[in-house]
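Work through these exercises with the structure open. Each task is followed by its solution.

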Amino acid sequence: MGLEDQNGVPHHGSIWKKAKFGENTIIGNLDTGVWPESPSFSDEGFGPIPSKWRGTCQLDTKDKVRCNRKLIGARYFNKGYLESARLNNSTIPPEVLVSPRDQDGHGSHTLSTAGGIYVPGANVFGHGNGTAKGGSPKARVAAYKVCWPSFGSTEGGCTTADIMAAFDAAISDGVDVLSLSIGGDSVEFFEDGIAIGSFHAAKHGIVVVCSAGNSGPARGTVTNVAPWILTVGASTIDREFTSYLSFGKGKHLKGKSLSSRSLPSSKFYPVISGANANAATALPEDSLLCLNGTLDPKKVKGKILVCLRGQNGRTEKAHIATLAGAVGMVLVNDEESGDDLMADPYVLPATHLTYTDGKRVFEYLNSTKNPFGHVTPVKTVEGTKPAPFMASFSSRGPGTIEPSILKPDITAPGVDIIAAYTGAALPTDSDLDKRRPLYITESGTSMSCPHVSGIVGLLKTLYPSWSPAAIKSAILTTARRRDNKRESILDSTKVSATPLDYGAGHVNPNRAANPGLVYDLTTDDYLNFLCARGYNASLLKIFSDKPHKCSNTSSIIADLNYPTIAVPDLQDKPITISRRVKNVGTPGTYVAYVRAPAGVSVSVQPSRLNFKSIGEEKEFKVTLKADGKVRNPDYVFGELKWSDGKHTVRSPIAVMRH
């Protein structure tokens, strides 16, 4: 992220220094609650709680959750959850903690990523040892528990009623940033509780950051797509937890793992495929997946078991392998998972291999009478290349509700992220697991979202008067699209990623502190956008507490002053869209540079913008014209760049030609 050097010391130009580490910004988190005793939420060295804070620490439960000058708020919302239980003729069992306390670990992980303090010596079973810290380490944080566990026939999760109640509370409490690592299927904005709640938050100057979803790599899977939300995809970092499978004559395959146990060095064990270890009543295709009850312990005992990814959880396979007597496990990807690897805290020595490497393992097993192998201990490897690349699970654009808004907006670190955990849950679902780590790795857009929330906290500290749209623009227009090899960011299949994968690119916090120009938006702009989508007065009432008269000039959805450009239906007739930029840097002249999408001509008028003062706004128009006919309609990509020689203000262009 470029915030600190190899020794963990912030660089001279680091936004951490400029923004005083997010001092006194308040970050709220809607999730599974918080584990207040985690070292990440200690208030050592913090002064009085900011006077703007109007929130509370809910103490009406047996399970006391004590707040402090760091964790300044903790509340829970469960009326929707209770109603769901009532409809199932159920009552919430006593093991479900009806309090802000985090029983799952997800909420503590995300909140500490956004605003946890510096904690030296954080690690996961001795791996990845270093100093844990959030994006805004000196911010104050507040937990809003809206997500609950399943029990009996009652499905857990986060109900719309509880989410909207938490939004109301957070707005009233005085938060500056709201982080939501939650989401559901994309629905029209007036039916979407997160879209409605975040609109009201944005009206009050609160920046709302949401995860894009984990349904990739298929297109059109991105969620939380409202234009007033900052939507975050997930990509890798340059650290891996590696463990090798050694087999045959000097063959070694690199995998990923966070096993806390290891095999005796240099001792090789028999290796067996799950398909050949099936119980008498089980099909080989089921035992290959290492499903519960499919393995024969007599065949497995004392061996390294090879399991195929799919159907049940990765750590659940390890649990089943352990119960069957395996000394180790090799998890191999199915074709759909490809190169997507996770470092999981397995209960036995194990490693996770790609689909291609898995095929090599099966070839060896099928061609060798007595196959032997060894799983090496886990090592932390830093500086891996290429990084970042897009995680295959990260949900992709275009947004299905309104493809004229490019989503996701941005990508950020979301794979094998170390952050705080709960003391109420095991790191795996295995009852053999007796470990109680303070920190754990998690992967998902749930992890990338709070990275951006923490960066938003820094920008809020730096520029308290900036609107949520201006802060979003600063993050998007300064994003990078190159990896640590200085080549285009790739996806997990090693082909170039596109703005449908990463939006504007990978977040670049130091540059976001000095964007030069921003694309700003007001509440009225968003209401006019809804007007252009055909919303009538009764639907607009859901978003606006006062009547809004739809402007006659607001009929073009593409004219919403968004920092990216998406044209999902370019046909024979040229399309002209309007944008306006505000100078937030020094006076100067910006010149437009265009890299046009293939088969599209792009012109910008005017192509020079001269700013004489801070806060001055200038409008320009972008005309896109298709060059000839297209045989295979698909998205093509380009870029509009404004530069004054000191600042570079980039907007990706995504065009679907018909």
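**Exercise 1.** Decide whether Trp 148 is buried or exposed in this predicted model.

*Solution.* Start with the cut-off: buried means under 20% relative accessible area. Trp 148 has 5% relative accessibility. Therefore Trp 148 counts as buried. Now apply the test to Tyr 76: its relative accessible area is 14%, so Tyr 76 is buried too.

**Exercise 2.** Classify the ring pair of Tyr 76 and Trp 148, and say which parts it ties together.

*Solution.* A search of the whole structure finds 22 aromatic pairs. In the pair of Tyr 76 and Trp 148, the ring centres are 6.2 Å apart and the planes stand at 85°. Planes over 60 degrees apart count as edge-to-face. So this pair is edge-to-face. Next, locate the residues: Tyr 76 is in strand 2, and Trp 148 is in strand 6 (residues 147-148). The pair therefore ties together parts 72 residues apart in sequence.

**Exercise 3.** Find the edge strands of the open sheet of seven strands.

*Solution.* Write down the strand order: 2-5-1-8-9-10-19, with parallel pairing. The edge strands pair on one side only: they are strand 2 (71-76) and strand 19 (410-413). Neighbouring strands are turned by 25° against each other on average, direction ignored. Now look inside the sheet. Strand 1 (residues 26-31) and strand 8 (residues 177-180) run parallel, joined by four bridges. Asn 29 has Ser 179 in strand 8 as its bridge partner.

**Exercise 4.** Which charged end sits over the ring of Trp 35?

*Solution.* Look for a Lys or Arg by the ring. The charged end of Arg 101 sits over it, 4.5 Å from the ring centre.

Technical notes:
Residues are numbered from 1 along each chain as its sequence is written. This is a predicted model: local features need pLDDT of at least 70, side-chain atom pairs count only at pLDDT 80 or more; totals for chains, interfaces and linings use all residues. Side-chain values use heavy atoms; hydrogens and water are left out. Two strands pair if DSSP finds at least two bridges between them. Helices (H or I, at least four residues) and strands (E, at least two) are DSSP runs, numbered from the N terminus. Axes are lines fitted to C-alpha atoms, for helices over the stretch in contact, and angles run from 0 to 180 degrees between N-to-C directions. Rings of Phe, Tyr and Trp (its six-membered ring) pair if their centres lie within 6.5 Å; planes under 30 degrees apart count as stacked, over 60 as edge-to-face and the rest as tilted. Buried means under 20% relative accessible area, exposed over 50%, partly exposed in between (1.4 Å probe, protein chains only). A charge sits over a ring if NZ of Lys or CZ of Arg is within 6 Å of the ring centre and within 35 degrees of the ring normal.
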